[in-house]
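Here's a quick briefing to read alongside the model. Have the sequence and the 3D view open as you go.

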Amino acid sequence: MVGGHPARSVQRAREVVGGAATSGGSAGGRHAAVLVGSQAELVAAAVPWVEAGLAAGDLTVLSCAEETVELLRAELGARSAGLLSDPRISLRGVRPPDGVVAIRRLVQQAADAPSGRLRILGAPRFGPAPRDWRETQRYEAVLNRLLADAPIEALCVYDRRTLPAEALASAVATHPLLLTDGERTDSRAYRTPRSYVRDLALRREPMEQAEPVYAVDAAPTLADLRHQLAAVLAARVPDRDQREDLHLAVSEMAANAFRHGTPPVSARVWATADWIVCTVSDRGTSYCDELAGFQPAHGDDLSRGGMGLWLARKLWDHVDLLTGPDGGLTIRLSSPLRGTGG
């Protein structure tokens, strides 16, 4: 948060941020947030950050709403010529696995930059409904681990004028550093990704309080379960492409339960005209990794498998790994139905 006279604040922030441009440590230790409450505060925080990256020879990228990108380019003038823009990093138009892929590709590109570093100014996208906030909160937390060894400097802008209180509170919990009046300080409220994701509140859909449209306990075979889920989705998901995507992902979750879990395997589907929820459960040892599904389990070698949760996060809007009091694992998938305004 930057206060006081904008010009003096910009100059002070230039000095502080510029001096920190070559700081070491893990990527998690270079993941900062700034809370702003006006256009002047936004400019005073963002412009020095961007200038420091350009001066240091970093590959510098803006990942913000289009109007913010235009504002910053106008403030920077000719200096903005070296800037790139990639909205995917802040989950604008993509789901978390695609945001991670975008960052990794930019890291590879940054290897040819004079400094060999990537510098990102982002503005995390929080959707219009509380159900959407969880995915962005989780993404911001796990980035601290996913990119821990990458040569990245990142500053995430949280706008107090537009974001809900829950999103603003998450900024200090998911970023190890805060930028306040141009000074970078440790966030005392920061939580490790594992701790933060574990305690992240789940908002269930009202429909989950009612009887599901499909339910099976102790599914006899994987083939049977896949066939039955295909029939349910055919009846409830009008868009063919979306129906195929959702079925591919839920089939992978069913396969994981049969191959890696412990029977019985059960499944539930709830659906309304504009939203669908599906769960697949088994009784095996609980599996809980906050990074699950943000990248393929075996990296870039897709021939080794391990893509189930990754596909689920790419094809469903919301993916939650839930453990019960007696162990076991439930994968909960939910999405709006395409073309229904959900």
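Just past helix α3, G77 takes a positive phi of about 60°. Helices (H or I, at least four residues) and strands (E, at least two) are DSSP runs here, numbered from the N terminus. You're looking at a predicted model, where local features need pLDDT of at least 70, side-chain atom pairs count only at pLDDT 80 or more, and totals for chains, interfaces and linings use all residues. Residues are numbered from 1 along each chain as its sequence is written, and side-chain values use heavy atoms, with hydrogens and water left out.

- Helix α3 covers residues 66-76, and its buried residues are T68, V69, L71, L72 and L76; buried means under 20% relative accessible area, exposed over 50% and partly exposed in between, with a 1.4 Å probe and protein chains only.
- A65 is in the loop between β2 and α3, and A65 is buried, with a relative accessible area of 19%.
- Although A65 and A123 are 58 residues apart along the chain, their C-alpha atoms are separated by 7.4 Å.

**Helix α4**

- Among the buried residues of α4 are P96, P97, G99, V100 and I103.
- Their cover includes β2, β3, β4, α5, β5 (152-159) and α10 (308-315).

- Strand β1 (residues 31-36) pairs with strand β6 (residues 177-180) in the parallel sense over 2 bridges; strands count as paired if DSSP finds at least two bridges between them.
- In that pairing, A33 stands opposite L178 in β6.
- Strand β7 (residues 183-186) runs antiparallel to β6, joined by 4 bridges, and T185 in β7 stands opposite L178.
- β6 and β7 make a hairpin with 2 residues between them, and D181 in the turn has a positive phi of about 50°.

**The five-strand sheet**

- An open sheet of 5 strands runs in the order β8-β9-β10-β12-β11, with antiparallel pairing.
- β8 (214-216) and β11 (318-324) stand at the edges with a single partner strand each, so one side of each has no neighbour in the sheet.
- Neighbouring strands of this sheet are turned by 15° against each other on average, direction ignored; axes are lines fitted to C-alpha atoms, for helices over the stretch in contact, and angles run from 0 to 180 degrees between N-to-C directions.
- β11 and β12 (residues 327-336) are joined by 7 bridges, and V319 has L333 in β12 as its bridge partner.
- Helix α5 (residues 130-146) packs on the sheet, touching β10 (275-282) and β11, with its direction at about 85° to that of β11.
- Helix α9 (residues 240-260) lies across β10 and β12, at about 15° to β10.

**Confidence**

- The chain averages a pLDDT of 87, and 87% of the residues score at least 70; pLDDT is the predictor's confidence in each residue, from 0 to 100.
- Over residues 1-28 the pLDDT is below 50, and this stretch has 64 contacts in the model beyond near neighbours in sequence.

Methods: Contact = heavy atoms within 4.5 Å.
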